[in-house]
Amino acid sequence: MAPATPALAEARSDRADQLIAAAEPLVGLQLRCGGTLPGPIAIPELAELVGRARVLRLKLGRPITAQDGHETVRAWVEVEPELDAEGQATGCRILVRHWQAAALPAEDSEALISRRAEIDRALAELTARLDARQAVLAVEADVPDLAGVAAAMRAALGRPWTDFVTIAGDIHHQPLHWRLLDGAELTVAGSARRWRARLIPHGLAGAEPNGFELCLTSDEPPPLPAPATGAVPELGERLVGRDLAPVLRQPIARIIANAETIRAKMAGPLAEEYAAYARDIATAGEHLLSLVDDLADLEVIESDDFATAPDPVDLADVARRAAGILGVRAREKRIVIAAPAEAETLPAVAEFRRVLQILLNLVGNAIRYAPEETRITVSLERKGDLARIAVADQGPGLDAEQAARVFDKFERLGRSGDGGSGLGLYISRRLARAMGGDLVVESHAGEGARFVLSVPAG
Amino acid sequence: MSTSHADPNPPDSAEATLRQALARGDAAQAGVAPVLRHLLVAEDHGLFAEEVVTRVRGTLADLSGQLCHAVTVAHGLDAPLPPEDPAVARLARQLAEIPALLAHVHALALEAQAAAQLRARLGLDPVLSPLVQALVASPEAETADLAMRFLAAEARFQRQVLAMRLPLGELPPELLHGALLALRECLGGAGGTPHPDFAACAEPAAEAIRANYDERASRLGLAARIVTGLGGGVVAALQLPHAGLGLFASALALATAQHREQVLLAIQPGQGPRLALMLRAAGLRQAAIDESLAALDAGPTPAEVLRLDAARAAQLLAGG
């Protein structure tokens, strides 16, 4: 049965349930849920639905609910698996027919208050029990920079807690009404951090409190313990790749998605210059994202245990893929990428993913720095035991001095603001060498650059 | 009878087999009295009413017949196997071993029974409820079209129930998948099949059934789509006398993230508190809950339920 009305949006997934094409409003939701396009489906209920349709090989139609942090989206989604000649699902066609977004309901105030109290308790670095007049009865602190004030309070139990801290903007040193002190910013002798007081009243709601819990929290992290002399504390290995990159990716993806939303004026009409600002924000965000990826890569390839996993690969195939992936970007500058012809092959022994990464970097650079309406040539050649692949552009080229520096870490050759991190070629060369090959540049100023990647021939 | 103390004689395998057979017989006999007592005492209890049990049995046989028919078609014969054919009976028994499928078929029998009772008691038309009527008259072509298709599907369902038929296309996809696996197992299994030629046809038959299947066109698929399309107006579908049982059960299941089968069990006599809890979890106020409970003659909304907010009610339902 094909419903007569056209779908609101259409999307496709591949045999691994990766979203490979999608239209708004699905794209926005996918990005806001932290996903990419193409990339794994990041909307949990949609991912489940698509996976199920593909595995069962049945046409499904179901409502899904998703939350992106701001809105609850309810949608009616239909998934049609597409089968190949053997009856295996090669992917799915996804149709969205009904879309309703509603702001997340505000939490009711009581639940919110009790949750806030829980959070403050959990984050407090000093907690104290106060009586009805806000005099200190007991105090606990578990960070060194508050040990002093905790000791002072303990030595003078029965005095108001406000005697031991300096409250921002407070001129009378009398204990104020607790509601005025709740949330107050303050400083504490012995700590360089700024603190916030939180007073959680005890007793029956509505009545005057018969006591308080005082929690001091700070937005700043506690000072690191002074390093022991002689031994420099080492940062954990793979700090960026393992700890930072996953945390950074999502907020950055969000920045990009929101900026794109503004740029596309999806939320309403907008003056042209603001749309341009939004584009700048999105571009900067994308740059930041690739920088995070580069830094994670850098860390991996610089670690002692870095090794590649070589397999027989066809360099011609990798080259055609790289050209295909960057084709759209090249067309935007009316640049032609001349990739090896379909029939060409050049067997080599290397890690597919790494070779592709290097080629994307080389061809991407060529697109970025070559003038419009030029040609980028990707050519293959076998030389002794090495399989070589050359990426040549018709850009300004590099002089001898630049060619000598271009593979250095963070080398930008004086360029800025073009989305490069100065890490791509450095990483590419390290990767090439780790695979038993090399990456070199042959260029003379004024004749275009020619980067040659060599790996062991297969 | 099994003995707990050690046997002084050396173990004899023939005796051991006999002992096991006796033990099994004991267990079966021990089950007779409680089951029989339950069936006798629970005469008015809808869950195991003879009518319901018969419908479940008949519906499973119908599903089995359709699956076997698909095999004969794949084999080149276009003649349905008679229900008494050993292959059909065997597959029907196998289908009954799929708990979710059994629960679904049981729930549909209960749904039909309850719908008939609602019509007798309140004059509520099982096919054309006030809500369906309103949707059919909608100025939006898409809504009206959906409602018309649901109306037709509901009418088909009511007729099919009487005949103890359930087309494969009306099964939820997971259950259809399970039924197709059972078909393959039954025809290709080690026990052989009454029709050896059919074994090779199980796969093509399953493929043909898959290709014809479209959840969107099923009664439950249409109901879910209508309920989703109501958006904030879903409250209308959560009032049993207004929505009719078909849409009501789908709406409540979606609103509470419960299986539709669970909703249909909750409309049974004696389950008033559970139904009230579900309606509360769906965010309804007392007046609306009262209305649905009254339609089922399930008594007033328990005060304990009214003290809970929607989130807590949902938590309780989820076993928290």
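In which loop of chain A is A:P25 found? A:P25 sits in the loop between β2 (18–22) and α1 (26–32) of chain A, where helices (H or I, at least four residues) and strands (E, at least two) are DSSP runs numbered from the N terminus. This is a predicted model, in which local features need pLDDT of at least 70 and side-chain atom pairs count only at pLDDT 80 or more, whereas totals for chains, interfaces and linings use all residues. Residues are numbered from 1 along each chain as its sequence is written, chains are lettered from A and ligands numbered from 1 in the order in which they are written, and side-chain values use heavy atoms, with hydrogens and water left out.

The bond that joins A:E24 and A:P25 is a cis peptide bond, with omega about 5°. A cis bond also runs from A:L37 to A:P38, with omega near -5°, and A:P38 has its place in the loop between α1 and β3 (39–40) of chain A. Most residues other than glycine have a negative phi, and most peptide bonds are trans. B:M164 is partly exposed, at a relative accessible area of 27%, while B:D297 counts as exposed at 60% (buried means under 20% relative accessible area, exposed over 50%, and partly exposed in between, with a 1.4 Å probe and protein chains only).

α2 of chain A has 13 residues and reaches 18 Å from its first C-alpha to its last, close to the 18 Å expected at 1.5 Å a residue (the expected span being 1.5 Å times one less than the number of residues). Among its buried residues are A:L46, A:L49, A:V50 and A:A53.

The contact between the chains (heavy atoms within 4.5 Å) takes 20 residues from chain A and 22 residues from chain B. About 2,100 Å² is buried between them, of which carbon and sulfur atoms give 53%; buried area is the accessible area (1.4 Å probe) that two parts lose on being put together, summed over both. The interface holds 7 salt bridges, each a side-chain nitrogen of Lys or Arg within 4 Å of a carboxyl oxygen of Asp or Glu. In one salt bridge, the side chains of B:R216 and A:E80 meet at 2.8 Å, N to O. On the side of chain A that touches chain B, α2 (44–56), β4 (60–67), β5 (71–83) and β6 (89–103) each supply at least two residues.

B:R216 and A:E80 also belong to a network of salt bridges whose members include A:R93, A:R97, B:E142 and B:R225. The side chains of B:E142 and B:R225 meet at 2.5 Å, N to O; B:E142 lies in helix α6 of chain B and B:R225 in helix α9 (residues 219–230), so the pair ties together parts that are 83 residues apart in sequence. B:E142 is partly exposed at 30% relative accessibility, whereas B:R225 is buried at 8%. Helices α9 and α6 of chain B also hold B:R219 and B:E154 respectively, so that this pair ties together parts 65 residues apart in sequence. The side chains of B:R219 and B:E154 meet in a salt bridge at 3.2 Å, N to O, and both residues are buried. Chain B as a whole contains 16 helices and 0 strands, and buried residues make up 45% of its 320 residues.

Back in chain A, A:D131 lies in strand β7 (residues 126–131). The side chain of A:D131 reaches the backbone nitrogen of A:R133 at 2.8 Å and that of A:A135 at 2.9 Å. Leaving aside neighbours within four places in sequence, A:D131 is in contact with A:L137, A:N210, A:G211 and A:F212.

A:V318, in helix α8 (residues 315–332) of chain A, is buried, with a relative accessible area of 0%. Its C-alpha atom is separated by 7.4 Å from that of A:F352, 34 residues apart along the chain. With neighbours within four places in sequence set aside, A:V318 is in contact with A:F352, A:V355, A:L356 and A:L359.

Note on methods: A polar contact is a pair of N or O atoms within 3.5 Å; within protein, one must be able to donate a hydrogen and the other to accept it, and residues adjacent in sequence count only if both atoms are side-chain atoms.
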